[in-house]
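The sequence and structure are shown first.

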Amino acid sequence: VQLQASGGGLVQTGGSLRLSCAASGRTLSLYDMAWFRQTPGKERGIVAAMRWSGSSTYYADSVKGRFTISRNNAENTVYLQMNSLKPEDTAVYYCAAGRPRNSLSGDYDYWGQGTLVTVSS
């Protein structure tokens, strides 16, 4: 599975962005999908995830109520809608695909390149 993330950019505090992750090589409908983010000097951490069936989601506490993960299996694309953005959301965001496992916040098998989100204060 090859993943291509896009949609990052510069936005002011309180603004919104939508990240996209387009897949090729295999259908995403077979995989759990997730978004991670990383800032310099910190480990990459999970932001949001969705079960392959869409039946369940996971959100980090820091983004609950502001971010929404969604997927369009027909378009082989996963999205991350980010609202009410804060400066602390500034990071490189990565999409990931994983074979279904017990936990949505666990390991993932395939990674896209990152897309930079910068939130100005």
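## Salt bridges around Asp109

Arg101 and Asp109 are joined through their side chains in a salt bridge (2.8 Å, N to O), the term denoting a side-chain nitrogen of Lys or Arg within 4 Å of a carboxyl oxygen of Asp or Glu. The model is predicted: local features need pLDDT of at least 70 and side-chain atom pairs count only at pLDDT 80 or more, while totals for chains, interfaces and linings use all residues. Residues are numbered from 1 along each chain as its sequence is written, and side-chain values use heavy atoms, with hydrogens and water left out.

Arg101 is partly exposed at 29% relative accessibility; here buried means under 20% relative accessible area, exposed over 50%, and partly exposed in between (1.4 Å probe, protein chains only). Asp109 is likewise partly exposed, with a relative accessible area of 24%. Asp109 also meets the side chain of Arg99 in a salt bridge (3.4 Å, N to O). Both Arg99 and Asp109 lie in the loop between β9 (91–98) and β10 (110–111), so the pair ties together parts ten residues apart in sequence. Strands (E, at least two residues) and helices (H or I, at least four) are DSSP runs, numbered from the N terminus. Arg99 counts as partly exposed, at 45% relative accessibility.

## Other salt bridges

The count of salt bridges comes to six. One of them pairs Asp32 with Arg51, with the closest N and O atoms 2.7 Å apart. This pair links distant parts of the chain, 19 residues apart: Asp32 belongs to strand β4, and Arg51 to the loop between β5 and β6. Asp32 is buried at 2% relative accessibility, and Arg51 is buried at 14%.

## Arg66 and its surroundings

Salt bridges with shared partners join Arg37, Arg66 and Asp89 into one network. Arg66 is placed in the loop between β6 (57–59) and β7 (67–72), and counts as buried at 10% relative accessibility. Beyond its neighbours within four places in sequence, Arg66 is in contact (heavy atoms within 4.5 Å) with Gln81, Met82, Asn83, Ser84, Leu85, Lys86 and Asp89.

## The disulfide

A disulfide is a covalent bond between the sulfur atoms of two cysteines. A search of the whole structure finds one disulfide, the criterion being a pair of cysteine sulfur atoms within 2.5 Å. Cys21 and Cys95 form this link, with their sulfur atoms 2.1 Å apart. The link is right-handed, with 65° about the S-S bond between Cys21 and Cys95. Cys21 in strand β3 (residues 17–24) and Cys95 in strand β9 are 74 residues apart, and the pair links distant parts of the chain. Cys21 is buried at 0% relative accessibility, and Cys95 is buried with a relative accessible area of 0%.

## The largest pocket

The largest pocket has a volume of about 170 Å³. Of its 14 lining residues, those closest to the centre are Arg37, Thr39, Lys42, Glu88 and Ala91. A pocket is an open set of points on a 1 Å grid over the protein atoms alone, where a 1.4 Å probe fits, with protein on both sides within 12 Å along at least five of seven lines; lining residues have an atom within 4 Å of a point. Grid points are joined across faces, edges and corners, and the volume is the space filled by probe spheres set on the points.

The elements that give two or more residues to the lining are β4 (32–38) and β5 (45–50). The largest share, three residues, comes from β5. By class, the lining has five nonpolar, five polar and four charged residues; Ala, Val, Leu, Ile, Met, Phe, Trp, Tyr, Cys and Pro count as nonpolar, Asp, Glu, Lys and Arg as charged, and the others, Gly among them, as polar.
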